[in-house]
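I opened this entry to look up where the open spaces lie and what packs inside. My notes follow in the order I made them.

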Amino acid sequence: MTSPTDLISTLQALASGQTSLPEVMQSCLARAQSAACEHVFMRLSSADLLQADSKLPAPSGPLAGLPFSAKDLFDVQGEVTTAGSLVLKNKPPAAQDSPAVAGMRAAGGVLMGRTNMVEFAFSGVGVNPHYGTPAAWDAVSGCFAGQALSGDTPDFQPLVPGGSSSGAAVSVATGAAFIGLGSDTGGSIRIPAALNGIVGFKNTARLVSTQGAVPLSTTMDTVCAMTRSVRDAILAHEILAQRKVPRFQQDLSAYRLAIPTSLMLDQLSAPVQQAWQRSLETLARAGARLTEITLPELNDLAGLSATGGFSAAESYAWHRHLLAQGAAQYDPRVAQRIERGAQMKAFEYLDLQQGRQQWIARMQQAMGGYDALLSPTLPITAPTIASMAPGTDRDAAFFQANAQLLRNTSVVNMLDGCALSLPCHLAGELPVGLMVWQGPMMDNTVLNVSLAIEHHLKNAA
């Protein structure tokens with residue numbers, strides 16, 4: 001399967017008459033129904049797709065009738081929001097679209113369908129024992145992630161897509177959708193973006209409404225999206241946040257970029273180290289001013305979250321009645337993490353809130369001299385689906401991989417910051433992401449720095 005074009009290029013092709021909306025929609029639908037999207041969609045929105053493919057006037061708005069997908073935790077009018085679970089299957093259908101879905105529709109987007117996810121969004125791996133696990137698809141190589149290394153040999157092992165926005169990422173990487181709506185509480189947009197060779201932007205949480213989305217952590221949840229390019233990410237964010245992102249039009253050398261050496265660079269796997277080092281060399285040749293900093297404040301995070309963090313406590317508060325009625329219907333790995341929240345004491349939760357604010361202040365002071373920071377999005381590449389499959393004999397490996405996948409990305413959520421992951425590997429390599437990040441409300445700078453970085457990495461490929 002060839003690598004799909006990005007949203008902006010497709011809009012330009014539509015405007016110039018090089019293609020038509022029915023042609024694009026048929027291509028997207030074919031990809032959605034292909035083997036590449038097995039276990040990706042919980043439901044395809046056939047009514048929306050048929051209407052979009054009819055003889056009605058061309059849709060208006062910035063998305064011009066192009067398809068987006070929505071993670072299964074977003075309310076869609078008339079559909080049951082199951083959040084990748086069995087326990088919510090019999091709840092009433094949503095009375096109205098969530099603001100994120102409504103915003104995409106108002107911008108002229110057509111819902112391709114709701115996408116598979118980690119049950120209740122509580123893991124960065126991407127495995128779902130109820131509805132199957134999509135295989136990671138590398139948008140850079142145009143094939144299943146890792147397949148270019150092994151070819152079509154019978155022993156090829158599909159890789160996990162990352163979570164929790166697993167299906168949303170694969171829908172974008174394969175070309176079934178141009179925008180994948182998802183959520184990011186500890187990395188759930190950026191992890192699957194990195195493992196599928198696409199772009200994932202986690203905005204500052206307060207900029208986009210989380211209403212109409214099943215919560216994981218009311219403190220940390222962020223509604224955001226995955227796309228195939230940074231310019232697409234800017235458009236998606238503008239729709240979701242209902243604001244314009246200014247373009248700085250600055251050369252890469254105009255930005256002050258820091259590389260934290262504490263935590264973020266620890267124990268990188270060989271493919272990550274290779275892609276990361278090559279990317280830094282490319283950026284340096286392009287004139288980037290790169291400064292290594294220790295940022296020892298990163299080492300304080302483990303102690304800060306020692307009692308379980310916000311996700312465990314806040315998810316337990318939401319799930320406790322459901323668990324009492326039907327714990328056996330939960331993914332045991334998810335239930336185990338939620339139930340840990342019952343052990344947090346009130347003073348520990350309050351201490352965590354206060355400690356977080358103090359840590360953010362220290363971090364902002366340490367990062368104040370830099371426009372953005374650069375890190376590998378993930379320290380490892382994707383494990384195989386088989387090695388992460390449900391089973392107590394694989395639980396230890398699962399939780400180890402989950403902690404590794406969340407390590408770098410979760411820093412930004414605790415910071416109440418913003419971050420963008422963009423692919424930095426070459427075609428034929430395992431997918432690797434580079435993360436551009438900063439503190440709260442630095443979204444415009446992160447997006448503009450990412451545009452410049454993406455330009456130079458693509459030109460060097």
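I began with the largest pocket of this predicted model, which holds about 940 Å³ of space. I counted 32 lining residues, and the closest to the pocket's centre are Ser305, Gly308, Arg337, Leu406 and Ser410. I then looked up which elements give two or more residues to this lining: they are α10 (301–304), α11 (309–326), α12 (332–339), α15 (395–407) and α16 (409–414). The largest share, five residues, comes from α15. Sorted by class, the lining of the largest pocket has 15 nonpolar, 14 polar and three charged residues.

I went on to the second largest pocket, with a volume of about 510 Å³. It is lined by 25 residues, and I noted Val140, Pro423, His425, Lys458 and Ala461 as the closest to its centre. Two or more lining residues come from each of α9 (270–285), β12 (418–423) and α17 (443–460). Here I listed 12 nonpolar, seven polar and six charged residues in the lining of the second largest pocket.

Next I turned to the packing. In soluble globular proteins, nonpolar side chains tend to be buried together. I found 90 residues in the largest nonpolar core, where Phe74 and Leu181 have the most contacts inside it. Helix α2 (residues 21–32) gives the most to this core, six residues.

What does Phe74 touch, leaving out residues up to four places away in sequence? I listed Thr81, Ser98, Ala100, Val101, Arg114, Leu181, Gly182, Gly212, Ala213 and Val223.

Methods:
Residues are numbered from 1 along each chain as its sequence is written. This is a predicted model: local features need pLDDT of at least 70, side-chain atom pairs count only at pLDDT 80 or more; totals for chains, interfaces and linings use all residues. Side-chain values use heavy atoms; hydrogens and water are left out. On a 1 Å grid over the protein atoms alone, a cavity is a set of points where a 1.4 Å probe fits but cannot get out, and a pocket is an open set with protein on both sides within 12 Å along at least five of seven lines; lining residues have an atom within 4 Å of a point. Grid points are joined across faces, edges and corners, and a volume is the space filled by probe spheres set on the points. Helices (H or I, at least four residues) and strands (E, at least two) are DSSP runs, numbered from the N terminus. Ala, Val, Leu, Ile, Met, Phe, Trp, Tyr, Cys and Pro count as nonpolar, Asp, Glu, Lys and Arg as charged, and the others, Gly among them, as polar. A nonpolar core is a set of buried Ala, Val, Leu, Ile, Met, Phe, Trp, Tyr and Cys residues joined through side-chain atoms within 4.5 Å. Buried means under 20% relative accessible area, exposed over 50%, partly exposed in between (1.4 Å probe, protein chains only). Contact means heavy atoms within 4.5 Å.
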